[in-house]
Amino acid sequence: MKIAPEVKISDNGFVFNQKTGDSFSLNPSGLELMKMIEEEKELDEIKEAFLAKYDVDDLSFEKDFYEFCTLLKHHQITVQSNPLDFN
């Protein structure tokens with residue numbers, strides 16, 4: 001999964017999609033997750049970082065991660081070559 005080239009992300013969590021004109025605000029953990037996606041980190045690496053930093057269990061993280069990725073795809077923030085691939 002990659003951030004679409006027309007999407008801009010500020011350091012304070014403001015996301016703007018130049019293609020659609022939509023904008024979003026991320027909380028600190030959402031911004032951290034977006035930065036890791038932008039760096040094209042693998043799911044296991046992202047999960048390991050979040051489990052170490054936040055009070056969350058493995059199953060809850062994966063559920064929230066996939067929901068977040070689905071929202072990103074729906075709002076055209078990310079592009080995926082394989083729609084079933086969340087990495």
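Student: Where is glutamine 76 found?
Tutor: In this predicted model, glutamine 76 sits in the loop between α3 and β5 (78-79).

Student: Why is glutamine 76 called partly exposed?
Tutor: Its relative accessible area is 35%. Buried means under 20% and exposed means over 50%, with partly exposed in between. The 35% of glutamine 76 falls in between, so partly exposed is the label.

Student: Which residue that follows α1 has a positive phi?
Tutor: Glutamate 40, with a phi near 60 degrees. Glutamate 40 is not a glycine either. Glutamate 40 lies in the loop between α1 and α2. Its relative accessible area is 47%.

Student: How do you know that the length of α3 agrees with its residue count?
Tutor: Take 1.5 Å a residue. The 17 residues of α3 should then span 24 Å. The end C-alpha atoms of α3 are 24 Å apart, so the two values agree.

Student: Which residues of α3 are buried?
Tutor: Phe61, Phe65, Phe68, Cys69 and Leu72.

Student: Why can one say that the buried residues of α3 line one face of the helix?
Tutor: Look down the axis of α3. The buried residues fall within an arc of 100 degrees, so they line one face. On the other side, Leu59, Leu71 and His74 are exposed. The buried residues of α3 pack against α1, α2 and β5.

Student: Which residues of α1 are buried, and what do they pack against?
Tutor: In α1 (residues 28-38), the buried ones are Gly30, Leu31, Leu33, Met34, Met36 and Ile37. They pack against β1 (2-3), β2 (7-9), α2 (43-53) and α3 (58-74).

Student: How many residues has the largest nonpolar core, and which have the most contacts inside it?
Tutor: The core has 21 residues, and Met34, Ile37, Ile46 and Phe65 have the most contacts inside it. β2, α1, α2 and α3 each supply at least two residues of this core. In soluble globular proteins, nonpolar side chains tend to be buried together.

Definitions and conventions:
Residues are numbered from 1 along each chain as its sequence is written. This is a predicted model: local features need pLDDT of at least 70, side-chain atom pairs count only at pLDDT 80 or more; totals for chains, interfaces and linings use all residues. Side-chain values use heavy atoms; hydrogens and water are left out. Buried means under 20% relative accessible area, exposed over 50%, partly exposed in between (1.4 Å probe, protein chains only). Helices (H or I, at least four residues) and strands (E, at least two) are DSSP runs, numbered from the N terminus. Contact means heavy atoms within 4.5 Å. A nonpolar core is a set of buried Ala, Val, Leu, Ile, Met, Phe, Trp, Tyr and Cys residues joined through side-chain atoms within 4.5 Å. The expected span of a helix is 1.5 Å times one less than its number of residues. The arc is that of the directions from the helix axis to the C-beta atoms.
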